[in-house]
Amino acid sequence: MKETEIKMNLTLLRDDIVKSLNIKGGETFTQALLRVVSGESSEIFFEQYLELINHDTEADYLKDIYETFYSNREELNQDYTPQSISRLISKYALHIFSNRNKKINTVFDLCCGSGSLSIEFWKLQKDTVFYMLELDMDSIAILLSNLCLRGMNADVIHGNGLSFEFYKVYQVRNDGKYSTITEISPEDYKIPICDVAISNPPFNVSYKDNRDYSKYCGYKQTSSGNVLFAIRCLEQVNEDGIVFYINSSGFRFHDYGTDKFRQYCIEKNILKGVIKLPQKMFIHTSLPFEIFIFDKRKRNSDIYWVDNEKKNFTKM
């Protein structure tokens, strides 16, 4: 289907959804969506929405509509994870744990966006519990809709993925066909240590705090968000845990603290491999991206390199 046809179909779907949401004066699309899915009329909306999309929950139409018509990528560096990448990561993670005769019970999804990575996990193992952290409230509105529509169980945290400051916490629990939302106090809330961490964070952001990061990157302080997001993921998984971290290819060879962090990962033998993704996988950028896999239970010194452009598999 041509791009113009796709946008035309999304426009028609958007208009129908806007009618179902009964947007009130001054409300944005996502504000209305959050009001409806967290209110008493959520089940009615979900039934109407499923009719509009012919019960096709494989695709994320709400994310597509937001990304096409409403997103602010330049300000927020938003590039939602393509479904194919999410599917690859979820299948690979479950394969690793299956080989260990272990089960993935909990997943931490940092900068989770509309939830693509976690949703693909859930499709393969529906009793997994997810802890999902996101700063952008527009994305959270779509995320909560996606989780409730599918009947998932998760804690959704509105907060800063670098400072770990939490502003709101939504508990999403399946109590029937759809999940319901309960907002709880963020005070004293802590994300538990999980089996797996996944993240597609905004890249090249800067952040500074007073923590000592010399253990990870050779410098007492670093402002590299690329490094800090990876550190947050590593700290949120247990001793057998695995991290799938999506970043631009520059994370593999740039300096600015990433060189020392790469050295740390190699010396500690936690870098399992790197998967180079094909070009133009993301809608808003042509930058090359890669999946970095960190494994705290790694038993050998091999690091594999998968080049999906040349379709090569190499051990380093």
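**Stop one: a charged pair**

Select R100 and D295 to start: their side chains meet in a salt bridge, 2.5 Å from N to O. A salt bridge here is a side-chain nitrogen of Lys or Arg within 4 Å of a carboxyl oxygen of Asp or Glu. R100 sits in the loop between α6 and β1 and D295 in strand β9 (residues 289-295), so the pair ties together parts that are 195 residues apart in sequence. R100 counts as buried at 17% relative accessibility, and D295 is buried at 1%. Buried means under 20% relative accessible area, exposed over 50%, and partly exposed in between (1.4 Å probe, protein chains only). Helices (H or I, at least four residues) and strands (E, at least two) are DSSP runs, numbered from the N terminus.

Before moving on, keep in mind that this is a predicted model: local features need pLDDT of at least 70, side-chain atom pairs count only at pLDDT 80 or more, and totals for chains, interfaces and linings use all residues. Residues are numbered from 1 along each chain as its sequence is written, and side-chain values use heavy atoms, with hydrogens and water left out.

E290 is buried, with a relative accessible area of 0%, whereas R252 is partly exposed at 30%. Now show E58, R87, E120 and K123: salt bridges that share partners join them into one network.

Next, select E47 and K177, a salt bridge with its closest N and O atoms 3.0 Å apart. E47 is in helix α3 (residues 42-52) and K177 in the loop between β4 (166-174) and β5 (179-184), 130 residues apart. E47 is partly exposed at 30% relative accessibility, and K177 is exposed at 53%. How many salt bridges are there by this rule? The count comes to 16.

**Stop three: the cores**

Nonpolar side chains tend to be buried together in soluble globular proteins. A nonpolar core is a set of buried Ala, Val, Leu, Ile, Met, Phe, Trp, Tyr and Cys residues joined through side-chain atoms within 4.5 Å. The largest one has 63 residues, of which I17, L33, F45, I89, F121, F244 and I291 touch the most other members. Helix α8 gives the most to this core, with 8 residues. Apart from it lies another core of 38 residues, among them I191, L271, V274 and I303.

Zoom in on F244: its contacts (heavy atoms within 4.5 Å) include I89, Y92, V196, I291 and I293, not counting residues up to four places away in sequence.

**Stop four: helix α7**

Select residues 116-124, helix α7, where 7 of the 9 residues are buried. Those are S116, L117, S118, I119, E120, F121 and W122. To see what covers them, show elements including α6 (83-99), β1 (106-110), β2 (129-134), α8 (137-150) and β6 (194-199).

**Last stop: M137**

M137 is in helix α8 and is partly exposed, with a relative accessible area of 26%. Which residues is M137 in contact with, leaving aside its neighbours within four places in sequence? Show L34, H158 and Y170. Then pick the C-alpha atoms of M137 and T30, which are separated by 8.2 Å while lying 107 residues apart along the chain.
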